[in-house]
Amino acid sequence: MGAQTRWIYPPIGFVMNVALGTIYSWSVFRLPLEQLFNWTTFESGLPFTVFLALFGLTMPMAGRVMGILGPKKTALIGACLVGLGWILAGFVSYTPFPLVSMLLFYGVIAGTGVGLVYGVPIAVSSKWIPERKGLATGITILGFGLSPLITAVTATYLIESQGVLQTFLYLGIVFAALLVALALPLRFPAEDWKPSALAASKKVITYAELASKDMVRTRTFGGLWLTYVFGTTGGFIAISLAAKYGCEVCGLTPALAATATAVFAVFNGLGRPIFGYLCDRIGPRIIAILSFLIISVAAVTAMGATTLQLFLVSFSLLWFSFGGWLAIAPAATSTFFGLRNLGANYGLVFTAYGIGAIVGPVIASYLRAVTGSYAPAFMTTVLLALVGLVVVFLTYRVPTARLREAAVVRI
């Protein structure tokens with residue numbers, strides 16, 4: 001597999017991300033685990049939190065590991081950890097402290113594995129398809145966003161028929177086999193490889209090639225990191241509130257609210273390739289501005305969304321923009337800082353996602369509890385988006401020549 005079949009890498013990454021994105025289906029595991037072990041709602045949410053924390057913390061390390069071992073070996077190690085974590089989670093009832101064991105097996109081991117694997121197909125697709133790296137990345141991570149549509153249904157069926165712990169075991173075996181098989185063809189192109197003249201003629205992009213130590217010294221990195229936090233924080237606020245808002249404000253039944261959430265997940269997934277494609281065509285600066293404008297309008301609309309129609313429109317746009325940031329950030333990282341060190345560089349940028357994952361739900365829950373209203377959470381989303389617009393205007397530029405390497409790369 002090589003230059004003639006380079007567009008196979010985004011679909012490979014898509015399938016890998018369907019497995020990795022099962023974390024977004026955690027809600028279907030919570031009630032069965034609470035009933036089995038008499039856990040509280042807080043306790044059943046801890047594995048999800050630990051998993052996301054390890055996922056985000058591992059990404060910077062994963063980029064460095066990829067630079068040393070290469071994409072295939074990095075993905076293989078991560079695949080084994082993902083499978084091992086899920087499989088071991090199926091045996092927590094045999095341990096003295098099931099919750100602690102679940103945090104270790106699922107949260108730490110599986111979360112670390114996902115952190116190792118996640119960036120690999122992104123880097124591989126971007127390097128093989130540099131003239132359409134935004135679209136290639138968007139297709140790759142589309143699987144992560146759409147994963148709940150597949151994995152939540154599958155997990156629910158297995159839980160009902162086999163039990164929740166057996167479900168962890170079966171999914172762990174499937175994930176290990178699938179991820180290992182898909183990791184085998186992953187590799188980078190040769191250092192001197194260039195896309196064909198036809199492909200290269202579609203888009204010419206000039207950028208600096210910066211190592212991580214130089215990247216973090218730039219204003220561009222600081223701006224990209226902050227806007228990634230702002231974009232994902234607003235998205236996580238919408239994700240954490242969606243079902244409850246639909247029931248409490250719009251008067252939806254739980255079943256209809258769940259259906260609406262599935263619709264939002266589709267928009268979350270579609271935001272990735274669409275925003276990635278637009279980054280290729282227009283550039284990440286303009287698309288980041290567009291995203292914050294959409295977030296602002298959608299959040300203002302959500303504050304008065306008392307009908308099903310407004311609820312669907314406002315939350316769909318919020319989830320759509322959230323998914324878009326998962327494509328904007330890697331596209332901007334490669335555009336501003338180059339492809340050579342993309343794995344390590346995006347690993348550092350991705351820590352902003354971890355901050356958003358923690359801060360967003362906390363803000364939403366706290367403001368709702370203190371004020372008794374959802375409006376302050378959405379007003380916070382608007383304020384973050386407006387600040388994000390200012391930061392984009394001030395910082396989204398190719399780093400100054402002082403921090404570039406001598407050669408400027410042209411694709």
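**Figure 1. Helices H2, H3, H6, H10, H11 and H15 each supply at least two residues of the lining of the largest pocket in this predicted model.** These helices span residues 27-37 (H2), 41-69 (H3), 133-162 (H6), 219-248 (H10), 254-282 (H11) and 351-371 (H15). The largest pocket holds about 1,700 Å³ of space. Its lining comprises 43 residues, of which Ser 27, Arg 30, Phe 48, Ile 239 and Ser 240 are the closest to the centre. By class, 29 lining residues are nonpolar, 11 polar and three charged.

Figure 2. At least two lining residues come from each of H3, H5 (98-128) and H14. The lining is formed by Met 59, Ala 62, Gly 63, Met 66, Gly 115, Gly 119, Ile 122, Ala 123, Leu 342, Gly 343, Tyr 346 and Gly 347. Seven of these residues are nonpolar, five polar and none charged.

**Figure 3. The second largest cavity has a volume of about 30 Å³.** H1 (9-20), H4 (71-89) and H5 each give at least two residues to its lining. Among the lining residues are Phe 51, Trp 86, Tyr 106 and Phe 175. The lining has nine nonpolar residues, one polar residue and no charged residues.

**Figure 4. Helices H13 (308-337) and H14 (342-349) cross at roughly 130°, with their axes coming within 10 Å.** The two helices are therefore oblique to each other, and their crossing is right-handed. Leu 326, Ala 329, Pro 330, Thr 333, Ser 334 and Phe 337 of H13 meet Leu 342, Asn 345, Tyr 346 and Val 349 of H14. This contact involves seven nonpolar, three polar and no charged residues.

Note on methods:
Residues numbered from 1 in each chain as written. Predicted model: local features only at pLDDT ≥ 70, side-chain atom pairs only at ≥ 80, totals over all residues. Heavy atoms only, no water. Axes fitted to C-alpha atoms, helices over the stretch in contact; angles between N-to-C directions. Helix = DSSP H or I, 4+ residues; strand = E, 2+ residues; numbered from the N terminus. Parallel < 35°, antiparallel > 145°, perpendicular 65-115°, else oblique. Left-handed = near helix turned anticlockwise from the far one by under 90°. Contact = heavy atoms within 4.5 Å. Nonpolar A, V, L, I, M, F, W, Y, C, P; charged D, E, K, R; others polar. 1 Å grid on protein atoms, 1.4 Å probe; cavity = no way out; pocket = protein on both sides within 12 Å on 5 of 7 lines; lining within 4 Å. Points joined across faces, edges and corners; volume = space filled by probe spheres on them.
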